[in-house]
Amino acid sequence: MSSDSDDELIETTSDVIPASTKASPTPEKEIELPKFEKGLADKIVEKFGTRIKVAFVKHDRIRIDVGRDDVKEVATFLRDVLNFDHAESVSGVDYPQDKEIEVVYHLGSYTDSSLSRQILVLATRAQREENPIPGNDATKLPSLREIFYSVEFHEREIFEMFGVYFQGHPDNRRLLLPEDWADLPPLRKDFAIKGR
Amino acid sequence: MNNELPPGLALQKVDERIMTLNVGPQHPGSGHMRIIVQIDGDFIVACDPDPGYVHRGEEKMAEYRNYITNIPHLERPVIHDSCNILYPYVLGVEELLGIEVPERAKYIRVIASELNRCVYTMYWLAIYGIFLGHSTMFMWPAGDRELLIDLLEKMTGARVTHAHFVPGGVRNDLPPNFEDVCLRQVNYFEKRIKEYAAIFYDNPILIARTANTGVLSRQDAIRLGTTGSVLRASGVDYDLRKKEPYDVYDELDVHSNVMKEGDSYARSKIPWLDMLESCNIIRQALQKMPKSGSVRVKLKPNPKGKGLDSVYKRVESGRGSLGCYIVSDGKPEPYRLKLSVGSFRNLIALPYLLKGEKLGNMPAVYWSLNYWPVEADR
């Protein structure tokens, strides 16, 4: 069944609030960026200029894309100058069509009360190999463990699930997978679940 | 080290003085996870937590199911706290799809999530009791949590796996007369758990066992990125219900419990204080909740996001901040879903806390981290 025709059919009934019309899309330029978040993003842009890219500024969330060579420097700046003191979450996202794997750090702050609502999203990308040999291929990123101690287990998880080797991480061992796992890193898109 | 073998199977160098001991992975000593400890006599010199025995690949499964069919399996990592583990996911999907939730549904969610927090904490407390050899403390919470399970069963239809939160509200409205029953049960529950102070928290044996063991300083709690009761037991006042209120928490008077000691005793007491606070929140929510109205926005079949988008939402669960990162590429299934759970984040403190501790204190320290192995493994 095609989902498009279903949509039209359902939308005519009365008790449905179509999601697409509720959030009326306003033109990009008219959206006023939240002030505090804009100020933070400006500080980072002021320091690093074109070496980083501010992907979005929303309420309580800022996302910054960084190249893999600059990620440590930017993270140090975020910790020392902007007071982000821990990583809430580190996620990998596989983009086979771009031949890249993205690693996304969600940073937060316990010590600075003005930042307690904020999550700063720091994203960087590693080169992706078609036939991965985890640890021994070009899929490598600098580890942020020296800067944010809290990423230690998160980075270990990404190493086994995506095959991204973190250079400078003291303990690049398996964490969740069995010791003798010999298949592809399972969260890559080309690792398929049986029957799906 | 033998490089031929995979890392976990490699032969270890044997030291005559240091003994390596595998604790787990059987329940209940370590709870489906293994802790490899190296002991020198009675003292732990190194500890290497080895989770993963209950890894279910929730994140991978989520990429194959649409936003609605993801609901029942995503609560499986921690079924005692199923409303709270679904909460950030549901909030995230709502932001992706641009759904506004009815007011009454928001209150129902708060009530369900606070009841669930108590149900989880009671189970955790029961196991903490048995870990310390206090069998009454196993029986009492295990029995008293039935009160709240009954309430949740009336509310959602299931005893533990509720799957009650859906994008756009909650699955069902409250049954008739629920408010009165809920108020009565919660008042009785509060009276019951206050009695735990006399048998457990003021018990000199418990205090001797847990006070000053596994002390986590404020600075280290922040540096290690711990969360929830572990963080608040070390003197950091950070409760997401207050710091980043979601749904209607900003309309309720929430008090976050903080202790300064940072030892196992403080970490075991904070969840209990949180349960008393949950009772207050439930009473407030019952009072302020709109008496009627819609509880769910109906969605189109196969709802999907608008192009490439990502969202990170977090809530305060029974084990601390629970974050959900959803990447959408405009299809009905999430492109990537990541759960950042409190258990996983608190685990990093374990090797740190156990170093130099006596082996006998290991259960007291380990379980005080409010760690749920299945949730950490996802």
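Colleague: Which order do the strands of the open sheet with β6, β7 and β8 of chain B take, and is the pairing parallel or antiparallel?

Modeller: The order is β6-β7-β8 in chain B, and the pairing is antiparallel. This is a predicted model: local features need pLDDT of at least 70, side-chain atom pairs count only at pLDDT 80 or more, and totals for chains, interfaces and linings use all residues. Residues are numbered from 1 along each chain as its sequence is written, while chains are lettered from A and ligands numbered from 1 in the order in which they are written.

Colleague: What makes β7(B) and β8(B) a pair?

Modeller: Strands pair if DSSP finds at least two bridges between them. β7 (residues 320–329) of chain B and β8(B) have five, in the antiparallel sense. Y325(B) stands opposite K338(B) in β8(B).

Colleague: What makes β6 and β8 of chain B edge strands?

Modeller: β6 (308–317) and β8 (336–340) each pair on one side only. Neighbouring strands of this sheet are turned by 10 degrees against each other on average, direction ignored. Helix α3 (residues 82–97) of chain B packs on this sheet, touching β6 and β7 of chain B. The direction of α3 makes about 150 degrees with that of β6(B).

Colleague: Which strands form the open sheet that includes β1 of chain B?

Modeller: The order is β1-β2-β3 in chain B, again with antiparallel pairing. β1 (19–23) and β3 (43–50) are the edge strands. The twist averages 20 degrees from one strand to the next. β1(B) and β2 (residues 34–40) of chain B pair over five bridges. V23(B) has I35(B) of β2(B) as its bridge partner.

Colleague: Why are α4(B) and α12(B) called roughly antiparallel?

Modeller: The label takes an angle over 145 degrees. The axes of α4 (residues 103–131) and α12 (residues 264–288) of chain B cross at roughly 155 degrees and come within 9 Å. The two helices are therefore roughly antiparallel to each other. Their crossing is left-handed.

Colleague: Which residues make that contact?

Modeller: Among them are Y107(B), W124(B) and Y128(B) of α4(B), and W272(B), M275(B) and I282(B) of α12(B). Contact takes C-beta atoms, placed from the backbone, within 7 Å. The contact of α4(B) with α12(B) divides into 15 nonpolar, three polar and four charged residues.

Colleague: How do you know how α5(B) and α6(B) run relative to each other?

Modeller: α5 (residues 135–156) and α6 (residues 178–194) of chain B have axes that cross at roughly 165 degrees, coming within 9 Å. They are therefore roughly antiparallel to each other. This crossing is left-handed. The contact includes L147(B) and L151(B) of α5(B), with F178(B) and F189(B) of α6(B). Its residues divide into nine nonpolar, one polar and three charged.

Colleague: How many residues of chains A and B are in contact?

Modeller: 42 residues of chain A touch 42 of chain B. β3(A) gives the most to the side of chain A, with six residues. By class, that side has 19 nonpolar, eight polar and 15 charged residues.

Colleague: What is the mean pLDDT of chain A?

Modeller: The mean is 79, and 84% of the residues of chain A reach 70 or more. pLDDT is the predictor's confidence in each residue, from 0 to 100. Over residues 1–27 of chain A the pLDDT is below 50. Beyond near neighbours in sequence, this stretch has 25 contacts in the model.

Methods:
Axes fitted to C-alpha atoms, helices over the stretch in contact; angles between N-to-C directions. Helix = DSSP H or I, 4+ residues; strand = E, 2+ residues; numbered from the N terminus. Parallel < 35°, antiparallel > 145°, perpendicular 65-115°, else oblique. Left-handed = near helix turned anticlockwise from the far one by under 90°. Contact = placed C-beta atoms within 7 Å. Nonpolar A, V, L, I, M, F, W, Y, C, P; charged D, E, K, R; others polar.
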